[in-house]
Amino acid sequence: MGVQKDSVKFNVGGRMMETTATTLANAGRNSMFGAMFDDNWNLLLSSNKEGWRFLDRNPDCFGVLLDLLRTGELHIPPNIPEKLLYREALYYGLLDHVRAAKWGPFDGNRLRLSRSVQGQAPGDGTAIRAGPDGGCCVAHGSMVHVYDWMLDEHPPLSLDYQRVNDVGWVDSDNVVVGVSERLGRGDGGMGLFSSHSGELRYKFQVSHENQVKSYTAGALSFSSDYKIFSSCKGRSNEYGIGVWDQVTGKQIDFFYEPLGWSLGDADKLQWLEGSNCLLVATMFPRKDNCYISVLDFREKKMVWCWSDMGAHFTADEKRVRDAIAMEDNSSICVVNEFEDLGFMDLRSSGATSIRWSSRSRLMKGKMPEEPCYPKLALHGGQLFSSMNDCISVFCGPEWVLTSRLRRSYGGSICDFSIGGDRLFALHSEENVFDIWETPPPPIL
């Protein structure tokens with residue numbers, strides 16, 4: 001930098017403040033302050049005769065943000081509303097700096113409960129999905145409630161007031177919602193919505209034998225090459241996995257359900273970037289049996305599959321409730337209602353059995369009257385599993401239980417999601433969701 005020690009003077013709303021070019025350069029090239037430098041980080045001249053740059057903004061917030069650039073730490077005085085500071089940070093292009101100072105890089109073993117948000121209505125929620133920028137969306141009945149990273153609620157999303165089965169973020173500006181078909185009414189399917197305004201931008205159609213069909217959209221997944229996958233079931237033979245271009249909204253493929261298998265009723269889809277395949281899992285109790293498969297759309301074939309058809313279950317049954325592929329380990333992790341983890345080898349082409357591990361068992365015998373079955377997630381080399389009102393964290397090559405996240409309000413956890421360096425957990429009884437964050441590392 002050519003002018004590291006040059007002082008820079010601001011008149012902010014009538015208050016005079018002075019700093020250095022080095023401090024301003026910490027804001028980065030994409031900030032308003034970054035635009036004050038040339039390509040070689042030399043300060044550009046843009047001030048009055050006395051050397052003052054005038055900004056018609058809030059001086060209190062400017063001082064807080066200037067201190068953030070100096071020290072990397074965020075201290076918000078009690079007289080400054082947080083939302084006012086966020087608005088000013090947005091103006092200066094410093095929101096990423098504020099977020100980084102409020103919570104650190106995600107680590108399941110260091111998570112702390114930040115706050116809880118009460119939903120709009122009591123009762124079971126369907127799903128919660130973390131957004132890429134620290135916000136989230138919550139599906140409840142026929143509505144999807146969208147929250148930004150400041151947890152301000154945006155206009156809700158609804159596709160003809162039909163029951164929502166799944167919801168997912170395409171990016172920070174767009175959300176896809178999959179809903180059930182209404183008997184006698186058709187409709188159903190999927191829609192792309194603006195996460196800010198709630199506007200329906202377009203609907204995704206399914207064509208079968210050159211005719212547009214109504215359908216129920218179930219589980220969703222997204223790939224890095226802008227494809228959207230959804231489990232689909234229609235009135236005739238449109239059972240399987242549909243694929244759409246998320247830019248144009250056009251259907252580009254459909255994997256039909258083989259006889260004797262289950263794809264259209266899938267609970268979970270997961271795109272596998274390493275192998276360019278799709279994990280499809282249909283679990284009990286949605287179907288009488290569990291079906292897990294890996295689909296290769298290029299070859300139009302099922303390259304790996306497992307089912308518990310024909311298995312005999314005892315009172316201490318180990319039915320699979322969720323599944324997740326772990327590409328680095330070439331395995332699939334499953335969980336039963338006792339939170340026993342099991343593993344299957346993806347490299348095995350023949351009959352595959354589950355290798356169960358019971359070191360994490362939380363329950364024995366009787367389930368709660370209204371159980372929430374376990375869910376799995378994989379993030380940053382850590383494995384997460386929900387059970388009742390608790391989320392367990394597993395680490396290391398042997399997936400050792402290293403920590404648990406628990407709070408007492410809201411009942412069992414019916415779903416959770418990780419994204420934007422936050423973990424969101426949705427409770428069933430009170431429609432409350434929790435936000436867990438990793439504290440920022442200490443500045444030495």
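Contact here means heavy atoms within 4.5 Å. With that in hand, here are the views, all taken from a predicted model.

**View 1. The whole protein, by the numbers.** Four helices and 32 strands make up the secondary structure count for this protein. Take the contacts between residues at least 6 apart in sequence: 49% of them join residues at least 24 apart. Of the 444 residues, 51% are buried.

**View 2. Helices H3 and H4, where their axes cross.** Two packed helices are described by the angle between their axes and the distance between the axes.

**View 3. Side by side: who meets whom between H3 and H4.** On the H3 side you'll find Glu-82, Tyr-86, Ala-89 and Leu-90. They meet Leu-95, Val-98 and Lys-102 from H4. Sorted by class, this contact has five nonpolar residues, two charged ones and no polar ones.

**View 4. Ser-180 and its surroundings.** Zoom in on the loop between strand S9 (174-179) and strand S10 (189-194), and there sits Ser-180. Its side chain is joined to that of Asn-165 by a polar contact of 3.0 Å. Skip the neighbours within four places in sequence, and Ser-180 is in contact with Gln-162, Arg-163, Asn-165, Gly-188 and Thr-216. Asn-165 therefore turns up both in that contact list and in the polar pair with Ser-180.

Terms used
Residues numbered from 1 in each chain as written. Predicted model: local features only at pLDDT ≥ 70, side-chain atom pairs only at ≥ 80, totals over all residues. Heavy atoms only, no water. Helix = DSSP H or I, 4+ residues; strand = E, 2+ residues; numbered from the N terminus. Polar contact = N/O pair within 3.5 Å; in protein donor to acceptor, adjacent residues only side chain to side chain. Buried < 20%, exposed > 50% of the residue type's maximum accessible area, 1.4 Å probe, protein only. Nonpolar A, V, L, I, M, F, W, Y, C, P; charged D, E, K, R; others polar.
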